[in-house]
Amino acid sequence: MSKKVLIADDEELVRNYVRRALAGRGWEVTEAANGAQALELAGRCGFDALVCDLKMPDMRGEEVIKRVRQACPAMKIVAITGSVSDIKAPLAPGVQADGFLIKPFGIDEIRDLLEKLTKT
Amino acid sequence: MTSKANILVVDDEPQIADMISSALQLYGYSVQTAMDGEQGVAKVGANKYDLAIMDIQMPGMDGITALGEMKKLDPEIEVIIATGHGTMGTAIESLRKGAFDYLHKPFEIKELLKVVERALEKRKFNDITRAIFSTVKPEEQLRVIIDSVTRILKAEESLLVLPGRDGQLYIAVSDGLEDPGAAASRLEMCSRIMDAPAETSKSAVLSENPAGDKRFAGVSGLGGLKSSLFLPLREDNKPVGLIVISRLEDETYFTEDDMQRARIFASLVSLALRNSSLYRQLQETQGQLIQAEKMSALGQLAGGLAHEINNPLSGILGLTQLVMENTDKAGQNYADLKDIEKAVFRCKKIIVSLLSFSRQEKTHLEPVNLNEAVEETLTLCARQMELQHIKINRRLAPGLPMVNADFQQLMQVFLNLFTNARDAMPDGGELTISTALDGNGGRQAVVAEVADTGGGISPEIAGRLFDPFFTTKAVGKGTGLGLSVCLGIINRHNGAIKVADRPGGGSAFTLNLPAL
């Protein structure tokens, strides 16, 4: 059974290549274009992993991660950001992302990280 | 020169006006006359006079009123009032209105000349003081002072002697010292005076016939000096330099009056020296502020920009790699895609270093031994240096006080400086790191110098060296941010960083950090 991942980023360009990179490795990928969508989709805990941008127009990614983390403790969460100043954000209390990638990241980086996190 | 002074004689009695003007002309002054107060004031409005000699009782506008009007037109003009049957009262009133002095008629020509001379001298002093303080450039101030002192004291030679950075006395400004050989003898005299606390505590030291003066026993080359006047300059009760005013053969000795004038000059020089050091500090601070401003503006820009750029950059990278997966590795397309990928990584590197200097990172200050920071950094790059045939010279002063610093950030600074030095010496050379204590100027500082034997820094680029993105390295080799990062760090440490060409070639960066 293929693993499911939700990718939340307002940048279509980023969602596009992340989706294709992961789909090529057998992931079933769903996309969210903003924070509210991400919460709605992830809130049902139907994903093995969430890849979440920290800077989205409607809501900070930390907030999304916090709520998903509370609702679905088993879900693996990877924070992604284009801003190095966000470097400590994923580690903040309550956020505690499982992984963190700074843009620009390559396709192998996201593949390897997710595979490592969801290995059973 | 006194012969060039312009004098206006205002008197309603033509014979008196004529008498005064011919007497003054005889002594080389250039004189004009006016018949009454109105005419006198009009002339002052139209021409530049150094001095007016004015009768007090005239038809129409009287002398006292005219005096006030003249001072309004030309505040610098000196006025001598001549009173025919004047009372003490009018004389005093004229002084109150700004007259330099008054003369009772009938007066002797000798008397007149004396007062005129004194008035012109005061005038000259005022002019000089104004000249001195109208320029803020310290070197110019000192030059004006020394040139004037020679003139006013009718001397042939004036010097300002100051201790240099190494403590050795040198002639900072001189007037009338033509023979370079004489400089050594003058400096030797000065060091004798400077070494004698009994002398430097005086406001003036006079030596008549220095060649025969036992204080200068053994100093050669003093034969030409008739008399020399030394004025010790003091700051915070410490001797900080000397003014030497000398008359050569066939001149009269310095009088008590001369000494008095010379003391005034000495105090002007002290003031100018103080100004000069304040001016230098001001300029340095201004430079640092401008640099800090530039960096903080760029930092804000960079922070916002990075996020905007990193998103599309991430897209370029990811998509490129996706296409590469479906491309024949042997073809040109694959090679092109590989280049795009590399270009993205280069951009990423630039952005990271840009951010690393724009980030308002907390600086963790703790007592740090600067020598240790140097040593640790050297350990990191010793191997690189060896590979590039660069010899490392350590001249680290033992027992330096600690500095309040962030050890990691200091290492970052040194690493940057060492790397730049290495890149400046592609064919090998020497890297010399010296540390020292600088106690000059009251506050103690620890100084580190990183010097290379590379090509040096041309004056055109020296001013831009610390500008963000300024680089002389080949495209892709440097981001041009290294030195701006260093500057940012050193600024946060309340220190200073400077660069200078070394006399023997190469360049030297100097760090200055306040000592604990």
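1. Let's start where the two chains meet. Chain B puts 19 residues into the contact and chain A puts in 17 residues. Keep in mind as you read that this is a predicted model.

2. Which elements of chain B give two or more residues to the side that touches chain A? They are helix H9 (256-325) and helix H10 (332-358) of chain B. H9(B) gives the most, with 14 residues.

3. Next, have a look at a helix pair within chain B. The axes of helix H11 (residues 370-387) and helix H12 (residues 407-424) of chain B come within 9 Å, crossing at roughly 35°. The crossing of H11(B) and H12(B) is right-handed.

4. If you want to find that helix contact on screen, try the residues themselves. On H11(B), those making the contact include B:Ala373, B:Val374, B:Leu380 and B:Met385. From H12(B), B:Phe407, B:Leu410, B:Phe414 and B:Phe418 are among them. Sorted by class, the contact of H11(B) with H12(B) has eleven nonpolar residues, plus two polar and two charged.

5. Now over to chain A. Its secondary structure comes to four helices and five strands. Read from the N terminus, the elements of chain A go β-α-β-α-β-α-β-β-α.

6. How much of chain A is buried? Of its 120 residues, 42% count as buried. On the contacts inside chain A, take those between residues at least 6 apart in sequence: 60% of them join residues at least 24 apart.

How values were computed:
Residues are numbered from 1 along each chain as its sequence is written. Chains are lettered from A and ligands numbered from 1 in the order in which they are written. This is a predicted model: local features need pLDDT of at least 70, side-chain atom pairs count only at pLDDT 80 or more; totals for chains, interfaces and linings use all residues. Two residues are in contact if their C-beta atoms, placed from the backbone, lie within 7 Å. Axes are lines fitted to C-alpha atoms, for helices over the stretch in contact, and angles run from 0 to 180 degrees between N-to-C directions. A crossing is left-handed if the near helix is turned anticlockwise from the far one by less than a right angle, and right-handed if clockwise. Ala, Val, Leu, Ile, Met, Phe, Trp, Tyr, Cys and Pro count as nonpolar, Asp, Glu, Lys and Arg as charged, and the others, Gly among them, as polar. A residue is buried if 20 or more other C-beta atoms lie within 10 Å of its own, exposed if 12 or fewer, and partly exposed in between; C-beta atoms are placed from the backbone.
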